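Please read it with the sequence and the structure side by side.

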Amino acid sequence: YSDAKAAAESKKKVRVTVVSFAVSFALGIFFYFFPVFSEYPIFQQLSRCSATDSLAECLSRDYAVPAFAYASAWGWVIFLDPVFFSSAFMVGPNVNMSFFAGSVFCWAIFAPAVYATGVLPAVSFSYARDVMFLWGGVAGMLIASFVALALNWRVFKGMFGEAPSWDELARCGPCRPKSSEERSKAAEAAADAAAEVDTDAPDWEPAAPEEQTPTWQWMGGFFAFTIVTYIVYLVQFGDEVTWYTLTIAIVCSIPLAYVTVQVAGQSNWNLSAVLAKASMGLVALTSASSSGLLLVGNVVSVAAGQSCDVVQTYK
């Protein structure tokens, strides 16, 4: 670090991370033994039925409240897991309201209405999710993501030819510098750096030899973590993801991470979410399960996202 303030801030972040991990670990054990504190089945309680009763059994009882019984069958619970509170703080009020409105529309209006028509064979959260909502949501996000890519095509210009100028980048939404002063400083820094070395030389390398990662280290790390990924995913999620869908995800993550790094190098735009959705559509050709598709998207998103984070750290 260039100064003591940055080093102190980094140490503080490490301490907060360690404390947060310890608290999360303790809460995970607590919720494992007392799950009611993690997912409180409020509508199951209001329906006056037992947690072991099916919907038909619950409705057959004279004292049951049908409206609450149906709400419980559709999966409505109150999540008290701290991860949801922390996520809410990170994404902001607009995304939170979107999540809430979407959940109310899907599971309180649309799914019950479709079930009333007889299209859905049963009141089932998992069936309605897989048949009606998962692919519709993925398709909607994928279309929106690629529209955003099309509207910001100038970011990709430097990947296949001459790098875009500052004037071109100024017209690009997510990569627009904050002010003309920042653009001027960046242009001056680039000019000074170019004047010191011959950047057009075929053997030019921006990093000094002692700062470059040896090939055996990053290649060894890549293969080691690939093996660990196979072991963890196949052991933990063997019923949802197969070795060939996981192989497709790992192979796709390499060029997609490269694209993310290229875009992040020219802007502050992280494409990991966009590319993760695209990879889910590709793996869908293998007839993977809905949960398997989400796991595949997670592999690609993590690979691309971490690559982008490294670039942002250097910047």
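1. In which loop does Cys 49 lie? Cys 49 lies in the loop between α2 and α3. Helices are DSSP runs (H or I, at least four residues; strands are E, at least two), numbered from the N terminus. The model is a predicted one, in which local features need pLDDT of at least 70 and side-chain atom pairs count only at pLDDT 80 or more, while totals for chains, interfaces and linings use all residues. Residues are numbered from 1 along each chain as its sequence is written, and side-chain values use heavy atoms, with hydrogens and water left out.

2. Cys 49 is joined to Cys 58 by a disulfide, with an S to S distance of 1.8 Å. The rule for a disulfide is a pair of cysteine sulfur atoms within 2.5 Å, and by this rule the count comes to one. In general, a disulfide is a covalent bond between the sulfur atoms of two cysteines. The link of Cys 49 and Cys 58 is right-handed, with 80° about the S-S bond.

3. Is Cys 49 buried or exposed? Cys 49 is buried because its relative accessible area is 8%; buried means under 20%, exposed over 50%, and partly exposed in between (1.4 Å probe, protein chains only). Cys 58 is buried as well. Cys 49 and Ser 72 are 23 residues apart in sequence, and their C-alpha atoms are 10.0 Å apart in space.

4. Two further residues belong to this part of the chain. Ser 47 has its place in the loop between α2 (42-46) and α3 (55-59), and it is buried, with a relative accessible area of 2%. The side chain of Ser 47 reaches the backbone oxygen of Gln 44 at 2.7 Å. Arg 48 is found in the loop between α2 and α3, but counts as exposed because its relative accessibility is 55%.

5. Check the backbone at Arg 48. Its phi is near 70°, a positive value in a residue other than glycine. Most residues other than glycine have a negative phi.

6. Which residues make up the largest nonpolar core? There are eleven: Tyr 233, Val 241, Leu 246, Ala 249, Ile 250, Cys 252, Leu 256, Leu 295, Val 296, Val 299 and Val 300. Such a core is a set of buried Ala, Val, Leu, Ile, Met, Phe, Trp, Tyr and Cys residues joined through side-chain atoms within 4.5 Å. At least two residues of this core come from each of α12 (243-266) and α14 (290-314), and α12 gives the most, with five. A second, separate core has ten residues, including Trp 107, Ala 128, Met 132 and Phe 133.

7. The second largest pocket is lined by 25 residues, and Phe 222, Ala 257, Ala 303, Gln 306 and Ser 307 lie nearest its centre. On a 1 Å grid over the protein atoms alone, a pocket is an open set of points where a 1.4 Å probe fits, with protein on both sides within 12 Å along at least five of seven lines; lining residues have an atom within 4 Å of a point. The elements that give two or more residues to this lining are α11 (215-236), α12 and α14.

8. Gly 238 is found in the loop between α11 and α12. Gly 238 counts as partly exposed because its relative accessibility is 37%. Gly 238 and Gly 292 are 54 residues apart in sequence, and 9.3 Å apart in space, C-alpha to C-alpha.

Terms used:
Polar contact = N/O pair within 3.5 Å; in protein donor to acceptor, adjacent residues only side chain to side chain.
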